[in-house]
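The structure is shown first.

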Amino acid sequence: MTTQNTVHKTGISHHLAEETLTAYATGSLSEAFEVVVASHLTMCPCCREKAKLLDSVGGYFVEQSDSAIPALTATEMLKKCRLSDVVQLDDRTTEQNDQSDKRPCAHEVTRETALRVPLPLARRLPASVDNLPWKPLARGIEQFELGTGSKKDGAFKLLRIQPGTQLIEHEHGDHELTLVLHGSYSDSLGRYSAGDVADLGPEHSHKPVIDSDEPCIALIASNAPARYKGLVGKLIQPFVGI
Amino acid sequence: MPAHAAVIPASQRNRLLNELGRDELSQALVAIGDNRDEAAFSIIYTHFAGRVKSFLLGKGMEENTAEELMQEIMLIIWRRAESYDPGKAAASTWIFTIARNRRIDHLRGNSRIEVELDDAMLERGLNDNLVDETLESETALAQHTGKMYEAMDNLPPEQKQVMHLSYFRGQSHGDIAEWLGLPVGTVKSRIRLALQSIRTNMQIGDADSSPFEN
Ligand SMILES: [Zn+2]
């Protein structure tokens, strides 16, 4: 994949695929995928530049589109606007993008400790990464569930994997994003360290190994569970998302 | 002047005209933000209301909901035009992002997740004056937008079609693949090629070439 080989000044060498950035720009991703994408974009000016360009491509298509017929004339719409200036309308419809609407961080500590994570993720955590109620999953692997935990919704979780742990070879569901936040892992596609994202489709099968002497913490979103090969794989298949 | 105009190729002339139109729309948004200029709002509404509604309908929303949501989007434009920065986004881009975000909010009941520019984790590019938030001046943006329009106009039809469907029709690459009777992989690779050719075309003629070329 072309997006995975370019080396940048940030040290990030594995990026989001163009089709994922496009799906983000068109508003076609689920919330879980948006969190992973926005977290990578925070850490990666290169993908941010592409995302910005893709927003302006949206502007181009709006500009080029055939116009549907609006029910109101400009004068009638203006009347509504003036009215809204007098009567404060329902906040939810008019102010949903304001900063005030963002979830507060439950833990100011996240902004200060060494194990910081980007705000799109930090806002969803009840504590800083070190203090999360991690749940053991398999030997050397702990998880913190961010989604519903239901198989049909796909995975949305943080994994903390101890050094030397080798995951069982597995294929992926339809689409899976893994963003490394701390530490690193390696597989046949290369080495992934902080800021790197593995943007994998169903064609990929891999066998990650944690290759440094600190735990690897990764954020994962997928829209279908990974399929593990072999009996042990089948046993842990419902749980592990990487 | 007429002699001069005659040597400007048609595509170039179109680009100049488009830039003028885009500039007027930007100025209209600024005027709404500065003093709730009603004539300026009429320009924006007349130009964008039908287009925004068309975007919502194309994405599968039924008529009444699309109309209602479009009016909300116009109201957001009226109330939030103060935050529009003509050096950061073309009017159509700014309005597209509002429409897209409002649609997401309507569909799932919470906001789209975005980068926060005051995030302590935000990694800024080093030597990247072509990159997003450092692209400050209106002239630079107008040039950038003009190049993007030209690159889009010149995209191979099969790539442009897939991009258009992504923005104005289906929810997933799978939907688009099904519509076109193509494998999903082909849809994905056309999107990849489209973005690459847009970026390549936009960088032609840049003396200080981007740090991002492959
Ligand atoms: Zn990137």
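Predicted model: local features only at pLDDT ≥ 70, side-chain atom pairs only at ≥ 80, totals over all residues.

What is the relative accessible area of B:E114? The value is 26%, so B:E114 is partly exposed.

B:E114 pairs with B:R112 in a salt bridge whose closest N and O atoms are 2.8 Å apart.

## The interface of chains A and B

On the side of chain B, 83 residues are in contact with 79 residues of chain A. Together the two chains bury about 7,600 Å², and 57% of this area is on carbon and sulfur atoms. B:R79, B:I113 and B:M121 supply 10% of the area that chain B buries against chain A, more than any other three residues.

The rule finds 31 residue pairs in polar contact across the interface, both residues at pLDDT 80 or more. On chain B, the elements giving two or more residues to the touching side are α3 (38-58), α4 (63-80), α5 (91-108), α6 (138-153), α7 (157-168) and α9 (184-203). The largest share, 13 residues, comes from α3(B). By class, the residues on this side of chain B divide into 33 nonpolar, 20 polar and 30 charged.

## Salt bridges between the chains

Across the interface of chain B and chain A there are 7 salt bridges. One joins B:R199 to A:E49, with the closest N and O atoms 2.8 Å apart.

Another is formed by the side chains of B:E38 and A:R82, at 2.6 Å from N to O. B:E38 lies in helix α3 of chain B and A:R82 in helix α4 (residues 74-86) of chain A, so this pair joins two chains. B:E38 counts as partly exposed at 30% relative accessibility, and A:R82 counts as partly exposed at 37%.

## A salt bridge within chain A

Over all chains the structure holds 17 salt bridges. In one of them, A:R124 meets A:E31, the closest N and O atoms being 2.9 Å apart. A:R124 lies in the loop between α6 (119-122) and β1 (135-138) of chain A, whereas A:E31 is in helix α2 (residues 31-43), so the pair ties together parts that are 93 residues apart in sequence. Both A:R124 and A:E31 are buried.

Key:
Residues numbered from 1 in each chain as written. Chains lettered and ligands numbered in written order. Heavy atoms only, no water. Contact = heavy atoms within 4.5 Å. Buried area = accessible area lost by both parts, 1.4 Å probe. Salt bridge = Lys/Arg side-chain N within 4 Å of Asp/Glu carboxyl O. Polar contact = N/O pair within 3.5 Å; in protein donor to acceptor, adjacent residues only side chain to side chain. Helix = DSSP H or I, 4+ residues; strand = E, 2+ residues; numbered from the N terminus. Nonpolar A, V, L, I, M, F, W, Y, C, P; charged D, E, K, R; others polar. Buried < 20%, exposed > 50% of the residue type's maximum accessible area, 1.4 Å probe, protein only.
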